[in-house]
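Me: I would like to learn how to read a model of this kind. Could you take me through it feature by feature?

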Amino acid sequence: MNGIPLTHIIFLSTALFFIGMYGLFTRRNMITMLMAIELMLNSVNINFVAFNKYLYPDKLDGIFFTLFIITIAAAEAAVAIAIIINLYRSHRSIDVEDATEMKF
Amino acid sequence: MLTDFFILLKQELVITVIIFLLLFIKLGKDRSNETILNWINLFLFINLVAGFFGSQEGILFSEMFHTNKLVVLEKNILNLAMLLISMQSYSWLKMHKHVIEFYLLLLSTLLGMFFMISSGNLLMFYLGLELSTIPLAAAANFDLDKRRSSEAAMKMIISSAFSSALLLFGISIVYGVSGTLVFSELSLHLVADPLHLFAFILLISGFAFKISAVPFHLWTADVYEGAPVAVTSYLSVVSKAAVLFVFVSVLYTVFKPLATVWYNILFVLSLATIIIGNLFALRQNNFKRFLAFSSIAQVGFILIGISGSSQAGMASVIYFILIYVFSNLAAFGVVSLVSAITGKENIDDYKAFYSTNPLLSWILTIALFSLAGVPPTAGFFGKFFLLMAGAAKGNYWLIGIAALNMVVSFYYYLRVVKAMFMDSNEEPISKLSIPILPKLALYICVIGIIVTGLLSWVYDHIFSLSSGI
C-alpha cells in the first residue's frame with residue numbers, strides 16, 4: 001500500500017508551495033495572484049494529509065485541519081473577489097500596476 | 001459543568017449576543033443613525049463592564065480554549081479600545097449609510113481575536129487569526145466609492161492571505177515533526193534542528209506580517225492611508241495588540257526550547273523595525289501614513305521588551321500596549337474628527353490648528369508627547385519598562401541604539417506640534433463642533449495617558465499576572 005515514499009509527497013508539496021509563491025510575485029493580474037495563493041494553501045493541505053496518513057494514522061488532526069483550510073480559503077477568496085470587483089468599478093482594471101496611488 | 005462553560009466563555013458570548021442583536025436591529029424598522037449608534041455604544045460599554053466580573057481560570061474543548069486572569073485582562077484592554085474607537089468614529093458614522101455592517105465586521109474580528117488570544121491549539125489559533133483578518137479587509141474597503149479605500153483593501157487581503165499561507169506551511173511542518181497541535185504538548189517536542197527551525201521561521205514571518213515588523217511592513221502604510229480613519233485606528237491598535245498578546249505567550253510557552261534562536265531573530269527584527277520605521281516617518285506628510293510609520297517604530301520597541309524573555313518582559317509589553325491604546329487613540333481621535341468634518345488629512349493642514357481649536361491641539365500634543373516618550377506622560381514609563389526588560393539580557397548595544405532612536409523620533413512628533421502651535425496658515429481648519437461621544441472618548445484617553453503612568457499599581461497588577469520563561 002505504501003508504494004510512494006513520504007519524501008516524494010513532501011517534495012511535491014514544497015515545490016507547489018514555492019511555485020505558488022513565484023506566481024504571486026511575478027503575476028500582475030489580481031485573479032491570478034489569488035490563484036497562486038490557493039496553490040500555496042493546497043500545498044499545505046497535501047502536507048497535512050500526507051503527514052497524517054504516513055506518520056500518525058491513529059489520529060485525525062491533520063485531516064480536520066485540511067477541512068478547515070479549505071473552508072477558510074473559500075471565504076477568503078469570496079471576500080477578495082468582492083474587493084477586486086469593487087476595485088474594478090473604480091479603476092477599470094484588475095492589474096495591480098494600475099492600483100498604485102499610494103507609494104512610500 | 002454548564003455554568004463553567006458560560007463563565008469561561010463569557011466575553012466571547014457577550015460579543016456574539018451583540019452581533020445577533022445588531023442583525024435583528026438591521027432587520028427591524030428603519031431607525032436614525034444617531035439612535036443606532038447610541039444603542040451600540042451602550043452595548044459596547046456593557047460588554048466592557050461585564051468583562052471585569054466573574055473571571056475564572058479554566059480549559060474547555062480538550063485544551064482548544066483556555067483562559068486565565070491575564071487573558072481576561074488582555075481581552076478587557078481590547079474591549080476598551082473597541083469602545084473608544086466606536087465613540088470616536090461617531091461623527092463619521094453618523095452620516096454613513098451602513099452603520100450596522102461596520103459594527104458587524106469589527107465585532108466579528110474582535111471575536112476572532114478573543115478566540116486567538118485564548119487558543120491552546122494551533123487549529124484554534126489559525127481559525128481565530130483568519131476570523132480577525134478577513135472581515136478587517138472588507139472593513140478597509142468600507143468607503144466603497146473611494147479609489148484609495150479599495151486599493152488599500154486589495155493590498156491588505158492579498159498580503160494577509162500570503163502571510164497566512166506562510167504561517168500554515170510552518171504549522172504543517174510543525175505537525176509533521178511533532179504529531180500534535182496542542183500548545184502544551186508541542187513544547188516537549190521542539191528541538192533546534194534544521195527542519196524545526198525552517199518551520200519556526202515561517203511561523204515567525206507569519207506573525208511579523210500581522211504586527212508589521214520591518215521586513216514585512218510594506219503593506220502597513222498603504223492600508224493605513226487608504227482605509228477609513230476608524231478602521232485605521234482599529235488596525236493600528238486592536239488588531240496589532242491582539243497579535244502581540246498571542247505572540248508573547250506563544251514565544252514564552254510553546255517555543256521555550258528555541259529561546260536562543262528567537263532571541264537572535266527578535267534582535268535583528270527590532271533593530272530593523274525601529275530604524276526603518278523612524279526614518280520613513282521623518283518624510284511623511286499624510287497624517288495617517290505618519291502614524292502608520294510611528295506605530296511600526298513602536299512595535300520595534302515592543303519587540304525589545306519581548307526579547308527580555310522574563311516576567312518583566314511580558315508585563316512591560318502588556319503595560320506598554322495599554323498605554324499605546326490610550327495615546328494612539330487620542331491621536332487618531334483628533335485625526336478622525338478633523339477628517340470626518342473637513343476631509344483634511346495632511347500634516348500641513350494642521351498649521352495654526354491651535355488658533356482655531358485649542359482643546360483638540362492640546363489633546364493631540366499630549367498624545368504625541370506620550371507616543372514620543374516625554375516623561376510626565378505614560379509613554380515614557382512604558383518605553384522605560386520595555387527597555388529595562390530588554391536590558392536584563394545584558395545587550396546594551398541594542399538598548400543604546402533604541403534609546404538613540406527615541407531621540408530621532410522626537411523630531412517627527414514635535415514637528416507636528418510645531419506646525420500646530422507656531423506655524424501660520426492662510427486658511428486654518430475652522431472651529432470644529434465636537435459631539436459629546438467623541439469628546440468623552442478623547443477625555444478618557446487623555447486621563448489614561450496621564451494616570452496610567454503615575455499609578456504604580458497598574459504595572460504591579462500586570463506584573464503579578466504575567467509569567468516569564
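**Burial and backbone**

Reply: A352(B) is buried, since 20 other C-beta atoms lie within 10 Å. The cut-offs are 20 or more other C-beta atoms within 10 Å for buried, 12 or fewer for exposed, and partly exposed in between, with C-beta atoms placed from the backbone. The model is predicted: local features need pLDDT of at least 70 and side-chain atom pairs pLDDT 80 or more, while totals for chains, interfaces and linings use all residues. Residues are numbered from 1 along each chain as its sequence is written, with chains lettered from A and ligands numbered from 1 in the order in which they are written.

Me: Where is A352(B) found, and what is its phi?

Reply: A352(B) lies in the loop between helix 15 and helix 16 (353-356) of chain B. Helices are DSSP runs of H or I with at least four residues, strands are runs of E with at least two, and both are numbered from the N terminus. The phi of A352(B) is positive, about 60 degrees, although the residue is not a glycine. S309(B) also has a positive phi without being glycine, near 45 degrees. S309(B) is in the loop between helix 14 (287-307) and helix 15 (311-342) of chain B, and is buried, with 24 other C-beta atoms within 10 Å.

Me: How do I judge chain B as a whole?

Reply: Begin with the elements: chain B has 21 helices and 2 strands. Its C-alpha atoms fill a box of roughly 65 × 60 × 45 Å along the principal axes. For 469 residues a compact globule would have a radius of gyration near 23 Å, and the 21 Å of chain B agrees with that. The radius is taken over C-alpha atoms, and the globule rule is 2.2 Å times the number of residues to the power 0.38. Of the 469 residues, 58% count as buried. Among contacts between residues at least 6 apart in sequence, 82% join residues at least 24 apart; a contact needs C-beta atoms, placed from the backbone, within 7 Å.

**Single residues**

Me: Which residues is T273(B) in contact with, leaving aside neighbours within four places in sequence?

Reply: T273(B) belongs to helix 13 (residues 259-282) of chain B and counts as buried, with 29 C-beta neighbours inside 10 Å. Beyond its neighbours within four places, T273(B) contacts A213(B), V214(B), I296(B), A297(B), V299(B), G300(B) and L303(B).

Me: How do helix 13 and helix 14 of chain B cross?

Reply: Their axes come within 8 Å and cross at roughly 155 degrees. Axes are lines fitted to C-alpha atoms, for helices over the stretch in contact, and angles run from 0 to 180 degrees between N-to-C directions. The two helices are therefore roughly antiparallel: the classes are under 35 degrees for roughly parallel, over 145 for roughly antiparallel, 65 to 115 for roughly perpendicular, and oblique for the rest. The crossing is left-handed, so the near helix is turned anticlockwise from the far one by less than a right angle (clockwise would be right-handed). Among the residues in the contact are T273(B) and G277(B) of helix 13 and I296(B) and G300(B) of helix 14. The contact divides into 16 nonpolar, 7 polar and no charged residues. Here Ala, Val, Leu, Ile, Met, Phe, Trp, Tyr, Cys and Pro count as nonpolar, Asp, Glu, Lys and Arg as charged, and the others, Gly among them, as polar.

Me: At what angle do helix 1 and helix 2 of chain A pack?

Reply: Helix 1 (residues 6-26) and helix 2 (residues 30-54) of chain A pack at about 165 degrees, with axes 8 Å apart. That makes them roughly antiparallel. Helix 1 of chain A passes helix 2 of chain A in a left-handed crossing. Residues of the contact include L16(A) and G20(A) from helix 1, and M40(A) and S43(A) from helix 2. The division is 17 nonpolar, 7 polar and no charged.

**Between the chains**

Me: How many residues does each chain bring to the contact between chain A and chain B?

Reply: Chain B brings 29 residues and chain A 33. On the side of chain B, helix 7 (122-140), helix 8 (147-178) and helix 11 (218-226) each supply at least two. Helix 8 of chain B gives the most, with 16 residues. The side of chain B that touches chain A divides into 17 nonpolar, 6 polar and 6 charged residues.

Key
Contact = placed C-beta atoms within 7 Å.
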